[in-house]
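Please have the sequence and coordinates at hand.

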Amino acid sequence: MSKQYKAIGEDIWKGRTEKINAELFALTYGALVVQLIQDYEDYSEVNKQLEKMGYNIGSRLIEDFLARSNIGRCSDFKEVGEVVSKVGFKSFLNITPTVTHSQLPPTSPTTQTNTAGASFTLTLDENPLTEFVELPEEALEGGLWFSNVLCGVLRGALEMIQMQVQVEFISDVLRGDESTQIQVKLIKYLEEEVPVGDD
Amino acid sequence: RHCNIVYYQDWHRTKRPKPAGEGGGILPAVAHSISPQTHYADPSVQSAFASPRNTLSSTSGVVIAVNNEPASPLPGLLQMPAPQQQATPPQPMSELPFDEEAKLVYGVILSLRNMIKKLSGRDEQFVNYRTSTYKLHLYETLSGYRFVMLSDHNTDSLRFVLRQIYTGPFLEYVVRNPLVTMDSRERGIDNEYFRASTDRLIRGLSVFP
């Protein structure tokens with residue numbers, strides 16, 4: 001299954017996307033973060049704003065993704081993690097983060113990965129957003145997550161396909177940690193709202 | 001989440017869609033012909049919008065494109081009447097105000113979908129249904145957008161066409177346009193480029209008369 005996803009991701013990246021200059025992209029994003037810092041002057045607020053922006057991006061990006069990849073519904077949350085990293089990240093950023101799945105200890109014998117609390121962690125070996133970036137002292141102390149927009153994107157995209165998730169950075173190379181890791185935790189599946197019948 | 005119609009376009013309707021009543025629940029910017037008439041604008045403005053329309057209902061809702069191929073001659077709706085020409089009698093309007101029509105369509109689709117899901121599980125999808133006069137095609141995305149097309153009953157499945165609308169004009173002019181709120185409860189997603197490009201797409205089809 002995962003080989004298939006890899007192939008799909010490769011195929012979309014090679015054939016069906018328009019590409020822009022990576023440096024332009026990194027510089028634009030950097031300028032954006034700097035501007036936010038100047039405007040808000042509070043690093044946790046900047047994190048929040050980045051996440052919000054990411055959310056708006058994500059809720060549209062998912063349409064792009066679905067239209068192009070033609071992928072059907074994932075059977076469980078584990079598969080969601082695979083698709084996100086092998087097809088999603090690949091087709092938009094040309095990187096394939098490694099996925100590690102984890103789950104709350106199951107209370108029942110069944111080993112479904114669909115229970116709320118299931119999560120996966122994406123480990124990014126390279127991050128196109130941080131090509132030329134080094135964080136200054138205040139940012140490190142203030143707790144800035146430079147690429148927090150990615151968390152918002154994941155949250156927005158998954159919410160449009162009926163999954164409510166909590167996404168956050170666990171570690172970031174920019175902050176001096178060993179690796180860059182994002183954790184995606186499933187809160188619940190969203191059910192469709194049926195309008196009140198007026199007959 | 002809610003479901004509401006956000007866009008409408010038609011090509012060969014036999015009867016003109018009746019404008020929705022005030023407060024009937026049709027959002028502004030769905031389509032000009034069906035928004036409640038607050039006042040009669042001057043005829044030249046009116047005629048500019050008399051050209052065919054497409055219905056897109058979304059916000060986890062429905063996109064409806066009406067493409068009837070009637071046995072009777074094409075209705076006058078397709079022609080753009082000159083501003084001075086008031087003499088041509090207006091085409092008969094369908095009996096239901098448009099918001100009722102939209103609700104009916106949505107209701108049908110929702111009930112059929114639920115029934116099918118109960119009968120065969122999550123993976124089966126409702127594709128189309130046919131009556132003696134028309135055929136309704138549905139394409140539903142994982143993200144909850146529903147695209148509906150009504151056509152002549154002899155047509156083959158237009159599901160692929162609906163998918164083409166999704167991956168083409170919808171993606172380009174709605175998703176990628178940051179000024180169009182996709183999940184709005186107050187506005188439809190009518191905009192010129194989108195209307196024009198779906199129009200072009202449909203008119204280019206082989207099944208289009």
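Student: Which element of chain B has the lowest mean pLDDT?

Tutor: Chain B averages a pLDDT of 64, and 53% of its residues score at least 70. Among its elements, strand 6 (residues 128–130) of chain B has the highest mean, 87. The lowest mean, 28, belongs to helix 1 (residues 43–48) of chain B.

Student: How many contacts beyond four places in sequence does the model have for residues 32–90 of chain B?

Tutor: Over this stretch of chain B the pLDDT stays under 50. Where pLDDT is low, the predicted coordinates should not be read in detail. With that caution, the number of such contacts in the model for residues 32–90 of chain B is 174.

Student: How are helix 2 and helix 3 of chain A oriented to each other: roughly parallel, roughly antiparallel, roughly perpendicular or oblique?

Tutor: Helix 2 (residues 22–40) and helix 3 (residues 43–69) of chain A pack with their axes 9 Å apart, at an angle of about 135 degrees. Roughly antiparallel would require an angle over 145 degrees, and roughly perpendicular one of 65 to 115. Helix 2 and helix 3 of chain A are therefore oblique.

Student: How many nonpolar residues does the contact of helix 2 with helix 3 of chain A have?

Tutor: The crossing of these two helices of chain A is right-handed. Helix 2 of chain A contributes residues including A:L32, A:V33 and A:L36, while A:V46, A:L50 and A:M53 are among those from helix 3 of chain A. Besides one polar and one charged residue, the number of nonpolar residues in the contact is 10.

Student: Which strands stand at the edges of the open sheet of chain A?

Tutor: Four strands of chain A form this sheet in the order 1-2-4-3, with antiparallel pairing.

Student: Which residue of strand 2 of chain A is the bridge partner of A:T98?

Tutor: Strand 1 and strand 2 (residues 119–124) of chain A pair in the antiparallel sense over five bridges. The bridge partner of A:T98 in strand 2 of chain A is A:T123.

Note on methods. Residues numbered from 1 in each chain as written. Chains lettered and ligands numbered in written order. Predicted model: local features only at pLDDT ≥ 70, side-chain atom pairs only at ≥ 80, totals over all residues. Heavy atoms only, no water. Axes fitted to C-alpha atoms, helices over the stretch in contact; angles between N-to-C directions. Parallel < 35°, antiparallel > 145°, perpendicular 65-115°, else oblique. Left-handed = near helix turned anticlockwise from the far one by under 90°. Contact = heavy atoms within 4.5 Å. Nonpolar A, V, L, I, M, F, W, Y, C, P; charged D, E, K, R; others polar. pLDDT = per-residue confidence, 0-100. Pairing = 2+ DSSP bridges.
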